[in-house]
Amino acid sequence: MNALSAPVDEKYCVFLTGGLWFALPATLIREVAERPTLAIVPRSNPVLAGLCHEGSEFLPVLRLPSRASQPSHASEQKMLILHGPNGAWALLIDEVHGIESLECSHDAEGYFDDWSTAVMGTSTWNKQFVRILNPDGLYRLAEQMLKSDWAELSTSTTLASN
Amino acid sequence: MTIRQLLILSHVLVAFVAAGIAGLSPIANSSSALVYAVVCTTALSMATGWWCASQIRRGLRLIENAIADGERLKGDSEFHKTAANLYAHVQRWVDSAATGRQQMREVEAVLASVDRQGTEHGEPHNASRQLRLVLASVGREAHETLKQLITCNGEIYQIGQKLSEGAQQQSDTAVKATRDIERLSEDIGTIEKTSTQTQQAVKAARETAVQAVEIVSQLRAGMECIREEVTVGETKVRLLREHALEIGALARTITEVCAKTDMLALNASIESVRAGEHGRGFAVVADEIRKLAGQVANSAREVEDRITSIESEMDETYKIMSSERAGIDAEAEHVESLGCSLVAIQHSTDQMQEHLKKVEQASQNQLRRTSDIVTFLENVLAVADAGRGNSEETRWKTKTLTELIVRLTDVLEPLLLSAQNQPTTHASSSGASGASARSGERNTQPAAKAAKSFEQMVVS
């Protein structure tokens, strides 16, 4: 089990994206904002939605890997701004429900094999299955995926130039 | 001088001549004087007969004139006057016949006296024979005249019959024409009555048309008001739609504000969580604010939905009112054409009323003239009836006159027979005087017979 430990009865921000309910620790969220105009980064993984200018700083805007595989992203009208190790970053979501107290169970293994490091545990809220995400893990996963893609891209570019 | 006085005068003259002859016969002893007396007497008799014939011819001429003037005779008074004239002529003729009979007897007596005197003096009775010949000649003339009278009387009878038939046909035709004209008068009366009724109906139609024209003008004014009201309503609906659009925009603004409020409240909740125990009350406030923002957002969404439905209804109402305005314009044109048609109907009813007045006047004139024609035909019918009655009476009178003429002919016939028998009698009497006496008796028999027939005729 690779889940991080989390305090019981902690406040979580419950949100909906891609038809799935997720939650993030409320203390790690800096702000909830409307989706701004994004600058698309070319030849990047769909996990990186783009870059935005918010609060006198440039923020990388990510989306969940499960959402990145979907063809339409028109419903992503809000974003959560989070504190990260290298500064703030943003996550595109569809809708924020609110701040709720959730009882987290750390048994996320088996649900998301490809990005299990980003899921901290699961819970139920209002008869809905909620996945509690680990922001740092999610950030690192996205970073790895971007680096991998850019590495493949530079290799293929070098081969093509040679 | 009347007929009666003339007859008395003729009788006196004959008696005087006979007395003179009787007185002169023993004195004169000559046959010449006797012959002169007989000739004078015969001349007197011929004059009397000629007078009778002239009277009869005059009566017949009066009858012919009466028949010819039968159509001009009007009323019973003229007819009775003609009948009285005819009766007077017949009476005169009867009196003349009686006078002739008396004269015939006297002549027979004179002849017998002459025969006796001639036999006594042994002279042949040439004077008697000559007298008989003269009488026979007079009888023949009278016979021929009576024949002509019979012929003329027959023609008058036929003419009277034709006149009667013509008068009957004229009467029938007049009756038929009167009936036809009475039916024509009834038809004209019906036409006049129908014309009057039609005129009243046309008058009522005209009044109705006038009322309809007024109603159409009121309807036109009403439709103009409705059109203006619809135009005003259309403008107001357009303004309401614009206001609804503005309200919808406001609702959308409220929704956006609510969304931002919700986000602010959510961020406030996140900040209160980050603040820990110090931010717990702030979190409650933020939750309440979020709930209020959600309620306002829901209400604003409902308002927006309502405004959207109102907008669609306004659009439909605007379209309906536009369609109504177009329909009102079309109906106004129809009303305008209806008004023109009603005015044309009004003019037509006016002209029709004038024509019907002329028809009514013409019918009244025709009725009046028909009444005059009926009066004329009734007069013609009365005249025809009078003429037919006069013709019938003339026919009967002519028939009676014919019978009387025939009887007169029978009366005159013995004179002719005596004249025809005279030569035989003269031959036998020249041989013996006794035979002359017998012949005198035989010669007196036709005269007696004639006198008897004439007496029967007069009695009849």
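Me: What's the secondary structure of chain B?
Reply: Chain B has 6 helices and 0 strands, so along the sequence the pattern reads α-α-α-α-α-α.

Me: And how many helices and strands in chain A?
Reply: Chain A has 2 helices and 10 strands. Starting at the N terminus, the order is β-β-β-β-β-α-β-β-β-β-β-α.

Me: What about contacts in chain A between residues 24 or more positions apart?
Reply: Such pairs make up 53% of the contacts in chain A with a separation of 6 or more. For chain B, the corresponding figure is 87%.

Me: Is Lys176(B) buried or exposed?
Reply: Exposed: Lys176(B) has 11 C-beta neighbours inside 10 Å, and the cut-off for exposed is 12 or fewer.

Me: Back to chain A. What's its pLDDT like?
Reply: The average for chain A is 84, and 88% of the residues score at least 70. Residues 1–6 of chain A are below 50, although this stretch has 13 contacts in the model beyond near neighbours in sequence. Where pLDDT is low, the predicted coordinates should not be read in detail.

Me: Now the open sheet in chain A. In what order do the strands come?
Reply: The order is 8-1-2-10-9, with 5 strands and mixed pairing.

Me: Which strands stand at the edges, and what does that leave them with?
Reply: Strand 8 (95–102) and strand 9 (119–125) of chain A do. Each has a single partner strand, so one side of each has no neighbour in the sheet.

Me: How does strand 1 of chain A pair with strand 8 of chain A?
Reply: They run antiparallel and are joined by 7 bridges. One of the pairings puts Cys13(A) with Ile99(A) in strand 8 of chain A.

Me: And strand 1 of chain A with strand 2 of chain A?
Reply: Antiparallel as well, over 6 bridges. Thr17(A) stands opposite Leu20(A) in strand 2 of chain A. The two strands form a hairpin with 2 residues between them, where Gly18(A) takes a positive phi near 65 degrees.

Me: Why is strand 1 of chain A called largely enclosed?
Reply: Because 6 of the 8 residues of strand 1 (residues 10–17) of chain A are buried.

Me: In which sense do strand 2 and strand 10 of chain A run?
Reply: Parallel: strand 2 (residues 20–25) and strand 10 (residues 128–133) of chain A are joined by 3 bridges. Phe22(A) has Arg131(A) as its bridge partner in strand 10 of chain A.

Me: Switching to strand 5 of chain A. How many of its residues are buried?
Reply: 4 of the 5 residues of strand 5 (residues 58–62) of chain A are buried, so that strand too is largely enclosed by the rest of the structure.

Me: How is strand 4 of chain A joined to strand 5 of chain A?
Reply: By 5 bridges, with strand 4 (residues 48–53) of chain A running antiparallel to strand 5 of chain A. Leu48(A) stands opposite Leu62(A). The hairpin they form has 4 residues between the strands, and Gly55(A) in the turn has a positive phi of about 65 degrees.

Me: And strand 5 of chain A with strand 7 of chain A, in what sense do they pair?
Reply: In the parallel sense, over 2 bridges, with strand 7 covering residues 87–93 of chain A. The bridge partner of Val61(A) there is Ala90(A).

Me: Last one: how many residues does the contact take from each chain?
Reply: 10 residues come from chain A and 8 residues from chain B. Helix 4 (residues 126–275) of chain B gives the largest share of the chain B side, 7 residues. By type, the chain B side divides into 4 nonpolar, 2 polar and 2 charged residues.

Methods:
Residues are numbered from 1 along each chain as its sequence is written. Chains are lettered from A and ligands numbered from 1 in the order in which they are written. This is a predicted model: local features need pLDDT of at least 70, side-chain atom pairs count only at pLDDT 80 or more; totals for chains, interfaces and linings use all residues. Two residues are in contact if their C-beta atoms, placed from the backbone, lie within 7 Å. Ala, Val, Leu, Ile, Met, Phe, Trp, Tyr, Cys and Pro count as nonpolar, Asp, Glu, Lys and Arg as charged, and the others, Gly among them, as polar. pLDDT is the predictor's confidence in each residue, from 0 to 100. Two strands pair if DSSP finds at least two bridges between them. A residue is buried if 20 or more other C-beta atoms lie within 10 Å of its own, exposed if 12 or fewer, and partly exposed in between; C-beta atoms are placed from the backbone.
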